[in-house]
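Q: I am new to this structure and would like to learn how to read it. Please take one residue and one interface as examples.

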Amino acid sequence: MSAVMDLTAFEIAADVRGGRRRAADVVAAAFRRISALNSGLNCFTSTVRDRALISAEDVDQAVKDGRDPGPLAGVPFAVKNLFDVQGTVTLAGSTIAAEQPAAAANATLVDRLETAGAILVGSLNMDEYAYGFTTENSHYGATCNPHDPTRVAGGSSGGSAAAVAAGLTPISLGSDTNGSIRVPAALCGVYGLKPTFGRLSRHGTVPFVHSLDHVGPFARSVRDLALTYDVLQGADPLDPACADRPAEPVAGLLESAKPSVRAGVLGGYFRDAASPQALSALEAVAWKLNARPVELTGAKAARAAAFCLTAAEGGSLHLPNLRRRAGDFDPAVRDRLIAGVLQPASVLAKAQRFRRWFLDEALRLFEAFDVLLAPATPFAATPIGQATTPLGGQSVSVRASLGLYTQPISFIGLPVLTVPLVRPNALPMGVQLIAAPWNEGLLFRVAHALEAEGVIGAKRPSLMPAVQPAIASDPFGEGARGDQ
Amino acid sequence: MSEDPIAAFVKEAAALQGLVLDDDSLLGVVTNTRILRAMAADFIDWPLPADLDPAALLRL
């Protein structure tokens, strides 16, 4: 196994910038690891080896010439396959999109990472059109959880979380409409940031629900997440939802004194259905932050309203294809989208008005609290193919229930940093650190302090008996499938 | 199925939208319509101020 791929992005960039390690060697190590492990995990749907090697040469030449190669020099990254990558077809998890021409340009965030010296190695599996929480894609297969490949990685950015957890790349990008960064980050035991709505540009990504879509990074350490987030920030007139705000860098805040925060742990709806494991994870963070219990009124209704809006907006977006070629959709996605577009308009108008009210309720809490805590998911990763799970005394849908605690928060655009709990000999669980709009910096400071105290941290998977038999015979990553 | 009011609604509404549903899809859409209606019941009667304006929703 390539030791370089066990380094953090920060360490790789420091080595490359300092001339102690070549970006070309880092990229070669990344492709070796992808080749070794991807067949057992199914994180990547395509790789871009030639492009990566050229980018690595550029970075190495910059170092040689004494030019600044960027803060993420030589760091391999990959993106959920709804991000445009110039010269590659943007799949968005569908076979319908696979018929489209290759993207003519990169998504804004791909450009920003490459400008910072990071090196794109490929695109990652997801639920079809981002409508799911498990990444069990009927067209491209399920992405496996690196901590137990018989279990789901979470979704819809399952490839993005699993790739980082397994060390295929130190960082990745995903999107989050109702929890699609936070759920897989929690189930795969890595960090995931869903920033404030409008903070990061979505230009060059395939939309799912315009009024709810966010994009953000994954990483295995708070510092790596901060470095990545910092280069992603900045206004973008090409995304009408992207706020015209200057970047507010967070990496430089990490070494400041441990913040004294007024923390609240959300009760009621956010505890009622949670498994003992989810509550235990939550309590570990709450205890460390001296969090006081607090209620967010209307959370259940907020989740329901987000659920209805999602189906309606998503269904509306795909209505032309639902009319012409419904049989080409994943059947489960198709039926949810169609049901969405058949909803009465009065439901959707009420959902939007309720959304405004619920945002005001949440903002009121931030007069008394700086950070709110909630479980990321109600339970840990379930076996692939398992449709239901016991929860709160009844059998519930796994796909729908994984977003119970994330949907009310993204509904109102609040920034959330999902952190992985240190849980020896147990499947990963995550906790949401939630702040007032535009206050990502505080979340990073709190997460960094918790990480330094050993409460949270990305656990390295014991890679991985169930994966090993598939490794030797699989050529993926050596150019055999989707490699350009 | 044809006597089920939800199924009848789905068939008629889908046809008006230009959507063609086979039997499997009809079953799936009916199931999801029931779920959405149950969800909507959680907020449709939520008392809101009469002058609440959602227009500024995304001005965070």
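Q: Which residues does A:A305 touch, not counting residues up to four places away in sequence?
A: Contact means heavy atoms within 4.5 Å. In this predicted model, A:A305 touches A:A351, A:F354, A:F411 and B:F43, leaving out residues up to four places away in sequence. Between A:A305 and A:F411 there are 106 residues in sequence and 8.3 Å in space, C-alpha to C-alpha.

Q: Is A:A305 buried or exposed?
A: Buried means under 20% relative accessible area, exposed over 50%, partly exposed in between (1.4 Å probe, protein chains only). A:A305 counts as buried because its relative accessibility is 0%.

Q: How many residues of chain A are in contact with chain B?
A: The count is 40 residues of chain A, in contact with 33 residues of chain B.

Q: How many salt bridges are there between chain A and chain B?
A: A salt bridge is a side-chain nitrogen of Lys or Arg within 4 Å of a carboxyl oxygen of Asp or Glu. Between chain A and chain B the count is 1. The side chains of A:K300 and B:D42 meet in a salt bridge at 3.6 Å, N to O.

Q: How are the residues numbered, and which pLDDT do local features need?
A: Numbering starts from 1 along each chain as its sequence is written, with chains lettered from A and ligands numbered from 1 in the order written. The model is predicted, so local features need pLDDT of at least 70 and side-chain atom pairs count only at pLDDT 80 or more, while totals for chains, interfaces and linings use all residues; side-chain values use heavy atoms, without hydrogens and water.
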